[in-house]
Amino acid sequence: MTIKEAREKSLRGGFDTSDLTDAEMCLKAEFFSALGKSEGWIGENIRMCTGCGVSCKNKEITAWGKHKGWWNGQKFTGCDSDVYDYDGQWLIEMHCLIDHLAEGGTIEDFFSRLDMKI
Ligand SMILES: [Zn+2]
């Protein structure tokens, strides 16, 4: 998939990226959500902390929905932010792009590999 194709698919999924640079587009959750809708990405819900961004399992969450983390002998490691359930695969792909860029990859390279991965 090229960046142009990703933009077209995002538009089909309900999010117009025409006013955004490539970098701005890739930082929009709405873009990945719309791209996933257009591509038919299906995945399990993801439970994630809104503060530190880690995925959380039930044992890491307080009864009132905050990120508790794991007991490390002195205190819990969580950041005490809200934990939400997010809707699936698009969020994983967005995280993969950010990891890819942090490792020195390019946006073009990420999207060209996306076709092969899914
Ligand atoms: Zn957290």
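Is Ile-61 buried, exposed or partly exposed, and how many other C-beta atoms lie within 10 Å? I started my notes with this residue.

**Entry 1: Ile-61**

I looked up the place of Ile-61 and found it in the loop between strand E1 (46-49) and strand E2 (83-86). I counted 18 other C-beta atoms within 10 Å, so Ile-61 is partly exposed. The cut-off for a buried residue is 20 or more, and for an exposed one 12 or fewer. I then listed what Ile-61 touches, leaving out residues up to four places away in sequence: Cys-56, Lys-66, His-67, Lys-68 and Val-83. I also checked Gly-78, which is 17 residues from Ile-61 in sequence and 8.5 Å from Ile-61 in space, C-alpha to C-alpha.

**Entry 2: the model as a whole**

I noted that this is a predicted model. The average pLDDT of the protein is 89, and 97% of the residues score at least 70. Among the elements, I found the highest mean pLDDT, 96, in helix H1 (residues 3-12), and the lowest, 83, in helix H5 (residues 107-117).

I found five helices and two strands. Read from the N terminus, their order is α-α-α-β-β-α-α. The C-alpha trace spans about 50 × 30 × 25 Å along its principal axes. Of the 118 residues, 25% are buried. I also looked at contacts between residues at least 6 apart in sequence, and 54% of these join residues at least 24 apart.

**Entry 3: helices H3 and H4**

Two packed helices are described by the angle and the distance between their axes, so I looked up both values. The axes of helix H3 (residues 29-39) and helix H4 (residues 89-102) come within 9 Å and cross at roughly 125°. H3 and H4 are therefore oblique to each other. I noted that the crossing of H3 past H4 is right-handed.

Which residues of H3 and H4 meet? On the H3 side I wrote down Ala-29, Phe-32, Ser-33, Leu-35 and Gly-36, and on the H4 side Gln-89, Trp-90, Glu-93 and Met-94. Sorted by class, this contact has five nonpolar residues, three polar and one charged.

**Entry 4: Leu-101**

I stayed in helix H4 and picked Leu-101. How far apart are Leu-101 and Asp-115 in sequence and in space? I found 14 residues in sequence and 18 Å in space, C-alpha to C-alpha.

Terms used. Residues are numbered from 1 along each chain as its sequence is written. This is a predicted model: local features need pLDDT of at least 70, side-chain atom pairs count only at pLDDT 80 or more; totals for chains, interfaces and linings use all residues. pLDDT is the predictor's confidence in each residue, from 0 to 100. Helices (H or I, at least four residues) and strands (E, at least two) are DSSP runs, numbered from the N terminus. Axes are lines fitted to C-alpha atoms, for helices over the stretch in contact, and angles run from 0 to 180 degrees between N-to-C directions. Angles under 35 degrees count as roughly parallel, over 145 as roughly antiparallel, 65 to 115 as roughly perpendicular and the rest as oblique. A crossing is left-handed if the near helix is turned anticlockwise from the far one by less than a right angle, and right-handed if clockwise. Two residues are in contact if their C-beta atoms, placed from the backbone, lie within 7 Å. Ala, Val, Leu, Ile, Met, Phe, Trp, Tyr, Cys and Pro count as nonpolar, Asp, Glu, Lys and Arg as charged, and the others, Gly among them, as polar.
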